[in-house]
Amino acid sequence: MINSNLEDTTIVVSSYCIKENKKIEKPAVSPGMDVVMVGSIGIGATLSLAKKYESVLREKFSSSFVDGVFELEKVSDKDKYLEMAQEFLASVDEKALVYEIGREGAFAGLYETSKFMGKGIEVEIPNIPVWQEVVEVAEVFDVNPYKADGTGALIIVCNRGADMVKCFLDEGVLASVIGKVTDNNDKVARNGDEVRYLEPTRVEELANLL
């Protein structure tokens, strides 16, 4: 469903919205607009794995590291992120599309965002924000954090991405401009010379672990 509390400045959607509600008002999105990500990829997956396999992590990592993993739950606050985005957009009198990343992960979230807009998207993988704790836990369980549960993070399509990112960074929130809207239908993620075409999620990344 659309978050009506933010409708004056944002259109907030999720994978469920896109798949189930065919009458969602689409925002005015044009090529060249910034694609911003707020919060780290893979947070939901990292916390789920940590809660189920805490003993495994404590055998491999220091107590301070594992404690830091559990602290991620406190610094990943989707509602706070939405409120901050709303305040910024109201201050500059602009609108934006906000996609709430869910269990399908960041890559699938970018795919769904592009599909919903009816426009292409091109992002730089090295620019996608990720906490080091997420990377370390993902390596232990051979999980791709870009495809794993990213609940708590947001994708925001807006005109003033750098300014929005600064507002988040000033408050200690992980955020980055990760790409642009394009004038075609391609859904591309680049890592140097390597090009990846984004696809919808078919198999949940944590299916065999949780």
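Helix H7 (residues 132–140) packs its buried residues against helix H2 (43–52), helix H3 (54–60) and helix H4 (63–75), with helices (H or I, at least four residues) and strands (E, at least two) taken as DSSP runs numbered from the N terminus. Packing here is judged by contact, that is, heavy atoms within 4.5 Å. The model is a predicted one, so local features need pLDDT of at least 70 and side-chain atom pairs count only at pLDDT 80 or more, while totals for chains, interfaces and linings use all residues. Residues are numbered from 1 along each chain as its sequence is written, and side-chain values use heavy atoms, with hydrogens and water left out.

The buried residues of H7 are Glu133, Val134, Val137 and Ala138, where buried means under 20% relative accessible area, exposed over 50% and partly exposed in between (1.4 Å probe, protein chains only). Looking down the axis of H7, these residues fall within an arc of 130°, so they line one face of the helix; the arc is that of the directions from the helix axis to the C-beta atoms. Just past the end of H7, Asp142 takes a positive phi of about 55°.

Zooming out, the chain has eight helices and eight strands, and 50% of its 210 residues are buried. Among contacts with a separation of 6 or more, 82% are between residues 24 or more positions apart.

The largest nonpolar core holds 28 residues, of which Val35, Met37, Phe107 and Leu110 touch the most other members. Such a core is a set of buried Ala, Val, Leu, Ile, Met, Phe, Trp, Tyr and Cys residues joined through side-chain atoms within 4.5 Å. Two or more residues each come from strands S1 (10–14), S2 (34–38), S3 (96–100), S4 (120–124), S5 (154–158) and S6 (175–182), and from helix H6 (106–117). H6 gives the largest share, six residues. Apart from this core lies another, of 20 residues, including Val38, Phe88, Val98 and Val165.

Leaving out residues up to four places away in sequence, Thr113 touches Leu97, Tyr99, Ile155 and Val157.

Phe107 and Tyr146 are both buried. As for rings, there are four aromatic pairs, counting rings of Phe, Tyr and Trp (its six-membered ring) whose centres lie within 6.5 Å, with planes under 30 degrees apart called stacked, over 60 edge-to-face and the rest tilted. One of these pairs, Phe107 with Tyr146, is stacked, at 5.0 Å centre to centre and 15° between the planes. Phe107 lies in helix H6 and Tyr146 in the loop between H7 and S5, so the pair ties together parts that are 39 residues apart in sequence.

Finally, the strands. S4 pairs with S6 in the antiparallel sense over four bridges, two strands being paired if DSSP finds at least two bridges between them. Here Val123 stands opposite Gly179 in S6. S4 also pairs with strand S7 (residues 187–191), in the parallel sense and over four bridges, and Glu124 stands opposite Arg190 in S7.
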